[in-house]
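User: I'd like to learn how to read a model like this one, feature by feature. Could you walk me through it?

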Amino acid sequence: LIPDGKPATFDEMVTAQHAVKQFNEDVTAYNTCLEMEMQSLEQSGQFDADRLSELRAMQAKKNNAAVDEVQAVADRFNEQLRIFKDRDKKD
């Protein structure tokens with residue numbers, strides 16, 4: 001997904017940037033879906049307050065893990081982008 005900034009072409013870096021942005025959008029949609037699912041469960045009346053609290057905590061963990069993954073991917077891309085830009089300055 002993330003090209004090595006040293007040998008990467010401009011087109012490869014642009015493609016990777018688009019992929020990282022798409023991944024972020026996909027994770028945002030995923031988290032929106034999790035929230036909608038949680039709201040549906042809360043409105044269903046199937047669960048008591050304790051169980052809803054547990055489910056909300058699980059949902060928060062899933063959300064946080066997804067956000068952390070997006071941040072890690074973005075950080076790796078930005079590192080390679082810096083390498084790519086520095087390479088071009090030296091040429």
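Analyst: Happy to! Let's begin with the surface: the chain has an accessible surface of about 6500 Å², and 52% of that belongs to carbon and sulfur atoms. Such areas come from the Shrake-Rupley method with a 1.4 Å probe, and for residues only the protein chains shown count as cover. Before going on, note that this is a predicted model, where local features need pLDDT of at least 70, side-chain atom pairs count only at pLDDT 80 or more, and totals for chains, interfaces and linings use all residues. Residues are numbered from 1 along each chain as its sequence is written, and side-chain values use heavy atoms, with hydrogens and water left out.

User: What does the secondary structure of the chain come to?

Analyst: Helices (H or I, at least four residues) and strands (E, at least two) are DSSP runs, numbered from the N terminus. Here there are two helices and zero strands. The radius of gyration, taken over C-alpha atoms, is set against a globule rule of 2.2 Å times the number of residues to the power 0.38. This chain has a value of 19 Å, well over the 12 Å given by the rule for 91 residues, so the chain is more spread out than a compact globule. Along the principal axes, its C-alpha atoms fill a box of roughly 65 × 15 × 15 Å.

User: How do I read burial, and what share of the residues count as buried?

Analyst: Buried means under 20% relative accessible area, exposed over 50%, and partly exposed in between (1.4 Å probe, protein chains only). Of the 91 residues, 23% count as buried.

User: Which residues make up the largest nonpolar core?

Analyst: In soluble globular proteins, nonpolar side chains tend to be buried together. A nonpolar core is a set of buried Ala, Val, Leu, Ile, Met, Phe, Trp, Tyr and Cys residues joined through side-chain atoms within 4.5 Å. The largest one here has nine residues: Ala-8, Met-13, Ala-16, Val-20, Val-73, Ala-74, Phe-77, Leu-81 and Phe-84. Two or more residues each come from α1 (10-44) and α2 (49-90), with α2 giving the largest share, five residues.

User: Now contacts, please. Which residues is Met-38 in contact with, leaving aside its neighbours within four places in sequence?

Analyst: Contact means heavy atoms within 4.5 Å. Met-38 lies in helix α1 and, at 3% relative accessibility, counts as buried. Beyond those neighbours, Met-38 touches Leu-52, Leu-55 and Arg-56. Met-38 and Arg-56 are 18 residues apart in sequence, with their C-alpha atoms 7.0 Å apart.

User: Is Glu-42 buried or partly exposed?

Analyst: Glu-42, also in helix α1, counts as partly exposed at 37% relative accessibility. By contrast, Glu-42 and Phe-84 are 48 Å apart, C-alpha to C-alpha, and 42 residues apart in sequence.
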